[in-house]
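Q: Can you walk me through this one? I have the sequence and the model open.

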Amino acid sequence: MAVPKICGIETEFGIAHTGTEDANPIAASSLLINSYLSEVERTGEGGPATGVTWDFEDEMPGNDIRGIAPLGSLAPEIETHLVNAVLTNGARYYVDHAHPELSTPECSNALDITRYDKAAELILMRSMEAAAQLLPRGQALVVYKNNSDGKGNSYGCHENYLMARATPFSQIVVHGTAHLVTRQIFTGAGKVGSEAPGLTTAEVPFQLTQRADFFEEEVGLETTLKRPIINTRDEPHADARLYRRLHVIAGDANMSEVATFLKVGTTAIVLAMVEDNFLPREFRFRTPVQAMRQVSYDLSLAKPLELADGTSATALEIQWDLLDQARKYADSHGLDAVGGPVGEMVIDRWEQVLAGLEADPMGLALQLDWVAKYRLIQGLAERHGLRPDDARLAALDLQYHDLRPERSVAARVGLETLVSAEDARAAISEPPTDTRAYFRGQCLKRWAPSIVAANWDSIVFDVGDEPLRRVPMMEPARGTADHVDELLADCDTAADLLNRLRDPSSR
Amino acid sequence: MAEREQIKKPAPQREQSEVEEAPEVSEQGQELKAELDELLDEIDEVLESNAEDFVKSYIQKGGQ
């Protein structure tokens, strides 16, 4: 049986410092995050755990799932000196590669991911407001939830999924590639023009995704150069004998909640099916990297993709096949690994969206980002008689992702929501209850002054009268409210907690 | 938990359109067009006034 598909999203946001000639993206990102941290500390409205920094002890992004890193591959660098906070909702908020980045807490299902992704937007919005208070008049920090600047520079929205170590990696590559290439028809956030070398806006006036232009390899370790469709980073942040963490770098950041929900929900189901060796048919593309771009450039969704066995299939056909298998899988294995009822909700929504894409994609303008954006781009071009390379269309593309309520285009479209405003607000400071993020978040809420550092799989306590104590959390599905609420209720101080953990019988 | 409520909630748009009597195709088309026009009016207002400069100045360092 597949292990629980515990998952998380890390989003690198675009940032602009307006009203100054002297902008530096790293300084701007630091200011943005520090403004938020001090604002929340001042108002006491939950959020960050004051004074607790990220613990880099177990960061090994250079490890390769395939065992040894191929010669010439670039191991990602870790920047340990930049602002790096842990929030009481279990998330990490930090500066990475000259961008503000927020990693959601570990979630057990796609609906929770959607909720924490929404909470991340709210955190970035509050950060912009807090920074505006500190900056000179006329200056502002503006945050964009997109993946490209339109000039060939891309930054990512990565997904992570817990996988059983025993799953053959070759199977993850085959089925993962088939899904990541074809899911673009509903995960794409849309983009005006192309940033692939040699292609102009005349050839690609609009495409489904922000990211497809930037993928050059099928499998590999890199994330910033020569990006691979399947990333091999082997850094499980959990018991490495039992687990790996599949690090998916091939997706877009979504404004639409339905798109985020499906992006993570369908991928979790496909990976569960891979783990249970359930998929009978392999869709191997003849040229996966080209297939990825072809899907992104084909607004008709009708062009067949060439397969290695000499046959062909469209992205929609492959998605219908995966959905069909998912229904059978639900019947034979159940969906406990992907959140039970939420898994069922994913399958139903998956079918609705595929049916909608087949009938008339434009009917999904309230569900999918690329459709919503494309409708506006077409509308604006028609209204003002604009050519495809007119700056106003590029501006509209950018502003679709602007997180300022007064400027955001996505906020005006009337996109369907899956998460109530109240639930999203609560998720700013409250951790999910059914993963180890609960234990992390609760400890930070209660005992931040006694915590020196935290990371995905441990918390380091300093209770004064003994050496620093690291509490490991190597099992992502433990540390839930069910597991630890009673224990936490029994402890008044962090020292009590450490005593109880050392000797479970002590009270 | 909050998720429970949301799971039961069906997609709102679809329900509505099923309940309403199906309008003539042309009428529906006109409605959609009017809605889009209204949205474009709003977008014309919020769009950065100097689109060229705005687009040109949006430069990011590459990331992951």
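Q: What are the ground rules here?
A: This is a predicted model: local features need pLDDT of at least 70, side-chain atom pairs count only at pLDDT 80 or more, and totals for chains, interfaces and linings use all residues. Residues are numbered from 1 along each chain as its sequence is written, while chains are lettered from A and ligands numbered from 1 in the order in which they are written.

Q: What does chain B average in pLDDT?
A: The average for chain B is 73, and 61% of the residues score at least 70. Over residues 1-20 of chain B the pLDDT is below 50. The model as a whole scores ipTM 0.91 and pTM 0.92.

Q: How many residues of chain A are in contact with chain B?
A: 43 residues of chain A are in contact with 26 residues of chain B. Contact between two residues means that their C-beta atoms, placed from the backbone, lie within 7 Å.

Q: Which element gives the largest share of the chain A side?
A: That is α10(A), with 7 residues. By class, the side of chain A that touches chain B has 19 nonpolar, 13 polar and 11 charged residues. Ala, Val, Leu, Ile, Met, Phe, Trp, Tyr, Cys and Pro count as nonpolar, Asp, Glu, Lys and Arg as charged, and the others, Gly among them, as polar.

Q: Now V55(B). Buried or exposed?
A: V55(B) is buried, because 23 other C-beta atoms lie within 10 Å. The cut-offs are 20 or more for buried, 12 or fewer for exposed, and partly exposed in between, with C-beta atoms placed from the backbone.

Q: Where is V55(B), and what does V55(B) touch?
A: V55(B) is found in helix α4 (residues 51-57) of chain B. Not counting residues up to four places away in sequence, V55(B) touches G150(A), A391(A), A394(A), A395(A) and L398(A).

Q: Switching topic: how many residues has the largest nonpolar core?
A: The largest nonpolar core has 141 residues, and those with the most contacts inside it are A268(A) and L396(A). Such a core is a set of buried Ala, Val, Leu, Ile, Met, Phe, Trp, Tyr and Cys residues joined through C-beta atoms within 7 Å. Domain 1 (7-426) and domain 2 (437-502) of chain A both give residues to this core, so it lies between them. The domain bounds come from an automatic or database domain assignment.

Q: Which residues is L396(A) in contact with?
A: Leaving aside neighbours within four places in sequence, L396(A) is in contact with L376(A), I377(A), L380(A), V409(A), I43(B) and L47(B).

Q: What separates the centres of the two domains?
A: The centres of domain 1 and domain 2 of chain A, taken over C-alpha atoms, are separated by 31 Å. The contact takes 19 residues from domain 1 of chain A and 17 residues from domain 2 of chain A.

Q: Last one: what is phi of K226(A)?
A: Phi of K226(A) is near 40°, a positive value in a residue other than glycine. Most residues other than glycine have a negative phi. K226(A) lies in the loop between β11 (215-220) and β12 (227-231) of chain A, and K226(A) counts as partly exposed because 15 C-beta neighbours are inside 10 Å.

Key:
Helix = DSSP H or I, 4+ residues; strand = E, 2+ residues; numbered from the N terminus. pLDDT = per-residue confidence, 0-100.
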